[in-house]
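Please view the sequence and the structure together before reading on.

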Amino acid sequence: METQLKEAVRSCPADYAEVRWEEVERSCVAFQRDQLMALERSREAGGTVRALVGGAWGTAVFTDPEEVPRKLSEATKLARAAARKVRDPIRLAQVPVVRDVFRPRLERDFRQVSLEEKRRLMENYNRIILDYSPQIAASSVRYTDSLRRIYYANSEGTYIEQAIPDVTVLLAAVARRNGDVQQAFESVGEAAGYELALGLEEKAEEVARRAVDLLSAKPVKGGRYTVVLDQELAGVFIHEAFGHICEADFLLRNEPMRKVMQLGRRFGVEALNVVEEGYLPGRRGNAPYDDEGVKRRKVYLIKEGVLSGLMHSRATAAKTGMEPTGNARAVSWEHEPIVRMRNTYIEPGEASFEELISGIDHGVYAKGAFGGQTELEQFTFSAAYAYEIKGGELGEMLRDVVLTGNVFDTLRSIEAIGNDFVLKGGAGGCGKGGQAPLPVTDGAPHVRIRDVIIGGR
Amino acid sequence: MGILERAAAAAQSAELYEELRSTVDVTFRGGEIEKVGSREVLGRALRVIEGGRLGFASTAGEDEEGLVQAALASAKHGDPAPFSFPTLSSGEKVEVLDEEVLALSPEELISWGEGAVQAIQEEFPDVIVDVSLSRGTLEVRITNTSGGELIEKRSHLSMGIEVQRIGEGDIYLLWVGRTVRRRADLVPEALVEEALRYLRWGERVAPAPQGQPPVLFVPKGALVLLLPLMVGFSGLSVVMGTSPLKGRLGQQVFDPKFTLVDEGTLPFAPGSRSFDDEGIPTCRLPLVEEGIVENFLFDLRAAALADSDPTGSGLRGGLLGRGGFRSPPTPGVRNLVVRPGEGSVEELIAEMDKGLVVVEVLGLGQGNVQSGAFSNNVGVGFVVEDGKVKGRVKNTMIAGNAYEVLKGGLRAIGGPPEWVYGLVYVPPILVEGVSVASR
């Protein structure tokens, strides 16, 4: 593979060319109630080439490995068609030429575990959920694993082979009473072996219990609250609230946005530090290099409340005069790399959980994450469940808690940061530009924020 | 020997789904061309029944033997197949291919993008405009051991425009787009006009009305109400008991003004096709007739479990069913059509007097969708006072329950409908019973 890919990019006439060929081994087991919806162990392969000509990109996605040279000429031709119209050409920041091979070590290689064993494990979790109570109407249990082997070569001489393992388990329960339907879920996800999927019996029971409990929970009343976010939700919060806007592809050919995102500008309180970590072995989606062959490195997005770094591809780094950070990622061989997050987190502070909730007269403790979305300025993030806070103590369970914030205000409204840091990679992923779900991790301690709008009746 | 023959030699029965996706796409960033890309992806999925047990495998690329072995291995540990593969016969041929789309060159797509950037910046010189365009085909071939072969080539063409208006402490982000099958159905000028309208309406920020004001969902916003229904009408949700519509066939569940049809055969509609991803002919499937629940969406599995007939709704690629050989079929919608009434957006705005127009929300689907509950940030929305748009809202949440709103809160359905995401065809919908919270 190495000779073939290197030869192809070397002889490509574009100003710059690269090829990424991927071989994926994956398996999946999924139950919905009593139905086995998926049981699969498959392989697939495919690739993407990119050519830069006159400051414009041409790309081609394909599934036949014999086609690499032809696809490189096609991408070059497409780039030429685009280049005729370019006024502000794309340039690439200089990076070291690399030759490296990276193979992760798995404690228990999931490729050596039979489909039958995976099925039995999931069937057991599924049974625990379904047997919990007659009010459990349905369940959803899903296991996935994959080993993505990436062969990367570019015309500057870089050649990298990397493999990224991924294991996820999603456990979900649906409870029903009269016309009301409530759901609860938990998930795990890491760049790990099969061991990650084991021992989740308690989580399965917890999910079932919570779905039933939510039938009796009160819908939250809409309004403005002081909220305490648990670690998982605070992780999603920082991903949505500030992660996306620090992806520097938003700044390409966007002078007004570059003004908004000036390094040194204050966005948060003094106590706030936000990190975008480069390579964390064993964590979901992690590998030493990004999909442009750039070594991933750590970036402080916010240091003591002040914007101090952004996430870059080679093109955004060149445009802004910064160093590339290794944030160019492709969700699969079907896509080209774009600027994405990796491991995004709020550094721990000093407050204990008791300190965080004490003194809140009327607030909400929001736990777990359904997900979130951002449109640069405004963002939302949804809690899986929540509790009232009354007179500094936890009260009744709440449901349907969706929170909203604003990049210009909300990070300044953080009142306290906990000392109980957790970094999490779940079973879902991040979506951007039609590329989803990209495995990422989010992290935070408990965080307390005032003046958060929660939707509700 | 072909894949199906090899599978048939080792299993009782088999079904092969093959898709070839060919596209050319063009991306503009900051008003300027950034990328032209091409895509040619061959995906296959094989289902087998052996020893009465169902097996599934999928692959991209050329590994044919690997696919057969994977499907057989899956069947070995699988469950009894609740259904058998149908005899494949082409029903009525639906019009889904426009040669004019195939003939569009990258240069033509680039010129559409340039035209859109220019037209928007003529009126709003300070905005940032990103445009994406894509044209291509999806060729599907389905064969199975019950006999028959179905082949269809479907064209698609799409254009999306994102506009960012960035001020100090205020970023207004707007997206409009269309996906069609026929070149004549994509009018770039109409998309530009839509973006300009929302830019004009959004020049000023205005405080959102509080409490439960009338809310007008204009096309894209209506997904807030329709997404829970897509889940609720899935025959699988009904069989699983997670749909609030379970057991309510023939009952008046919605307002009599509400009629909802899943149209599989509308000529050149973005979700139309002659057959679903299991080879069942598509059809016109009324889901709600004047408020009464008429049908659910069934694929082979859900139909077998419900002791019902498949409705040509077995789609790969999840709920939105827009392709994807990796996932086995599940019930999904082809073209979800809400029957229009009368009254344009402007007329409904005048009629509502005071309220909120919701064009786009954040966090769609991130909540307890099955129950019908929604709670979303209004990404693009406008305040109405004295029957006129006063400005754009920020930091505003809407919340309610789609089933309750479409029963007790439906004030008017306007017209004409518009396509949203190449998935639903929906007119403006004016409702009550949605709570608004804002800061």
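Are Tyr143(A) and Tyr194(A) buried or exposed? Tyr143(A) is buried, and Tyr194(A) is buried as well; buried means under 20% relative accessible area, exposed over 50%, and partly exposed in between, with a 1.4 Å probe and protein chains only.

## Basis of the report

This is a predicted model, in which local features need pLDDT of at least 70 and side-chain atom pairs count only at pLDDT 80 or more, while totals for chains, interfaces and linings use all residues. Residues are numbered from 1 along each chain as its sequence is written, chains are lettered from A and ligands numbered from 1 in the order in which they are written, and side-chain values use heavy atoms, with hydrogens and water left out.

## Aromatic pairs

The structure holds 22 aromatic pairs over all chains. Rings of Phe, Tyr and Trp (its six-membered ring) pair if their centres lie within 6.5 Å; planes under 30 degrees apart count as stacked, over 60 as edge-to-face and the rest as tilted. The ring centres of Tyr143(A) and Tyr194(A) are 5.9 Å apart and the planes stand at 70°, so this pair is edge-to-face. Tyr143(A) belongs to strand β5 (residues 136-154) of chain A, and Tyr194(A) to the loop between β7 (180-190) and α4 (201-215) of chain A, so the pair ties together parts 51 residues apart in sequence. Helices (H or I, at least four residues) and strands (E, at least two) are DSSP runs, numbered from the N terminus.

## Nonpolar cores

A nonpolar core is a set of buried Ala, Val, Leu, Ile, Met, Phe, Trp, Tyr and Cys residues joined through side-chain atoms within 4.5 Å. The largest has 64 residues, and those with the most contacts inside it include Phe217(B), Phe233(B) and Phe254(B). Helix α6 (residues 223-232) of chain B gives the most to this core, with eight residues. Apart from it lies another core of 57 residues, among them Phe237(A) and Leu301(A).

Phe233(B) also takes part in one aromatic cluster with Phe254(B), Phe258(B), Phe296(B) and Tyr403(B).

## Backbone features

The peptide bond from Ala436(A) to Pro437(A) is cis, with omega near -5°, and Pro437(A) is in strand β23 (residues 435-438) of chain A. Another cis peptide bond joins Gly415(B) and Pro416(B), with omega about -5°.

Leu376(A) has a positive phi, near 70°. This residue is found in the loop between β16 (362-375) and β17 (378-390) of chain A, and at 5% relative accessibility Leu376(A) counts as buried.
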